[in-house]
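Please look over the protein shown below. The report then takes its parts in turn.

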Amino acid sequence: MRIYVSSPGKSIALFCLEIAVATGYLVVLQIVIGNIIGRGWYPLIKQIEGDKINLRLVDRSDARSIYRYAGDEDISRNTYIPHPYQLSDAYDFIKSTHSARRKKTGFHFGLENKENRQIIGMIGLLTINHALKNGEIGYWLARPFWGRGIMSEAVRMMLRFCFVEVKLHRVHAHVFPFNKTSIRLLEKVGFSREGLLREAFVKNGDYVDCYIYSILEDEWARQSTTL
Ligand SMILES: CC(C)(COP(=O)(O)OP(=O)(O)OC[C@H]1O[C@@H](n2cnc3c(N)ncnc32)[C@H](O)[C@@H]1OP(=O)(O)O)[C@@H](O)C(=O)NCCC(=O)NCCS
């Protein structure tokens, strides 16, 4: 697995450093360094290379792929992705991933098809609680690619990102009780079921139950050394 860091981010950091030194504004320098040390440098990561797919940041040029695949009713049924799904929804979603990354409230990767660089799914760290060092993951994959172990690989890569780069202590996931595929996937990669959140969410106007699954950093570390 290889990790690629975004050069614009690096140059912005260097630029800030130069400004801080040149003008003597040590406070600026302190904030930049404090931010990097305190919260990690993970927002600069732009791509992680896997065996079956790569995880990478998405931009406006990916909107058509996301629109094409996320519009599938089976994806909407198992997530909070709206159906019907418009192209404008894809643009809005991409914009929201940039804003979450900037604010360090969330981090989203597209699953890149290695053959043509097209985005065939998404995986995200949806809410990062920096004080409690936890976050929620969510994901979907384009239907033509189901059943090949692709999302299992993506979730494993994302867990490494969450625990090693973001330095979280706990990662959780919500899954509808009827979503047997996702339940199997979560259990396979080491998540444990904590319980059923009764009518905790609203979907299409109805209250719905949801399982909550989680994995802790030491559980992940133990199993990743035995893989
Ligand atoms: C859930 C989803 C991401 C899975 O992606 P995927 O790449 O096909 O998943 P994987 O192939 O890595 O793993 C799926 C596992 O579930 C198993 N599975 C598939 N259908 C199943 C079923 N009906 N019951 C039990 N297990 C099932 C597969 O056999 C596989 O397990 P295995 O490796 O032990 O054989 C994909 O189906 C999807 O996008 N669904 C719609 C959106 C969604 O549900 N998102 C998650 C919300 S919590």
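## The model and its numbering

This is a predicted model, in which local features need pLDDT of at least 70, side-chain atom pairs count only at pLDDT 80 or more, and totals for chains, interfaces and linings use all residues. Residues are numbered from 1 along each chain as its sequence is written.

## Overall make-up

The protein has eight helices and nine strands. Helices (H or I, at least four residues) and strands (E, at least two) are DSSP runs, numbered from the N terminus.

Buried residues make up 27% of the 227 residues. A residue is buried if 20 or more other C-beta atoms lie within 10 Å of its own, exposed if 12 or fewer, and partly exposed in between; the C-beta atoms are placed from the backbone. Two residues are in contact if their C-beta atoms, placed from the backbone, lie within 7 Å. Take the contacts between residues at least 6 apart in sequence: 58% of them join residues at least 24 apart.

## Strands side by side

Two strands pair if DSSP finds at least two bridges between them. Strand E1 (residues 2–5) runs antiparallel to strand E2 (residues 45–49), and four bridges join them. Here Arg2 has Glu49 in E2 as its bridge partner. E2 also pairs with strand E3 (residues 53–56), again in the antiparallel sense, over three bridges. Ile48 stands opposite Leu55 in E3. A hairpin through three residues joins E2 to E3.

E3 pairs with E4 in the antiparallel sense over four bridges, and Asn54 stands opposite Glu112 in E4. E4 is mostly covered, with six of its seven residues buried. E4 and E5 run antiparallel and are joined by six bridges. Among the residues of this pair, Phe107 has Leu125 in E5 as its bridge partner. Five residues lie between E4 and E5 in their hairpin, and Arg117 in that turn has a positive phi of about 70°.

## The nonpolar core

A nonpolar core is a set of buried Ala, Val, Leu, Ile, Met, Phe, Trp, Tyr and Cys residues joined through C-beta atoms within 7 Å. The largest one has 49 residues. Leu111, Ile123, Tyr139, Ala154, Met158, Leu159 and Cys162 touch the most other members. Helix H6 gives the largest share of this core, ten residues.

Why does Ile123 count as buried? Ile123 is buried because 23 other C-beta atoms lie within 10 Å. Its place is in strand E5 (residues 119–129). Leaving aside neighbours within four places in sequence, Ile123 is in contact with residues including Leu55, Phe109, Leu111 and Met158. Ala154 is another of its contacts. Ile123 and Ala154 are 31 residues apart in sequence, but 7.5 Å apart in space, C-alpha to C-alpha.

## One face of a helix

Helix H3 (residues 63–70) has these buried residues: Ala63, Ser65, Ile66, Tyr69 and Ala70. Seen down the axis of H3, they fall within an arc of 165°, so they line one face of the helix. The arc is that of the directions from the helix axis to the C-beta atoms. What covers these buried residues includes H4, H5, E5 and E6.

## Around the ligand

How many residues surround the ligand? There are 22, and the closest are Asn78, Met151, Ser152, Lys180 and Arg184. A residue counts as near if its C-beta atom, placed from the backbone, lies within 6 Å of the molecule. Helix H4 (73–78), strand E6 (134–141), helix H6 (150–165) and helix H7 (180–188) each give two or more residues to this shell. H7 gives the most, with six residues.

By class, the shell has nine nonpolar, eight polar and five charged residues. Ala, Val, Leu, Ile, Met, Phe, Trp, Tyr, Cys and Pro count as nonpolar, Asp, Glu, Lys and Arg as charged, and the others, Gly among them, as polar.

## Backbone details in loops

The peptide bond from His83 to Pro84 is cis, with omega near 0°. Pro84 is in the loop between H4 and helix H5 (87–103).

Lys104 is not glycine, yet its phi is positive, near 60°. Lys104 lies in the loop between H5 and strand E4 (107–113). Lys104 counts as partly exposed because it has 15 C-beta neighbours inside 10 Å. Asn204 also has a positive phi, near 50°. Its place is in the loop between strand E8 (192–203) and strand E9 (206–216). Asn204 is exposed, with 9 other C-beta atoms within 10 Å.
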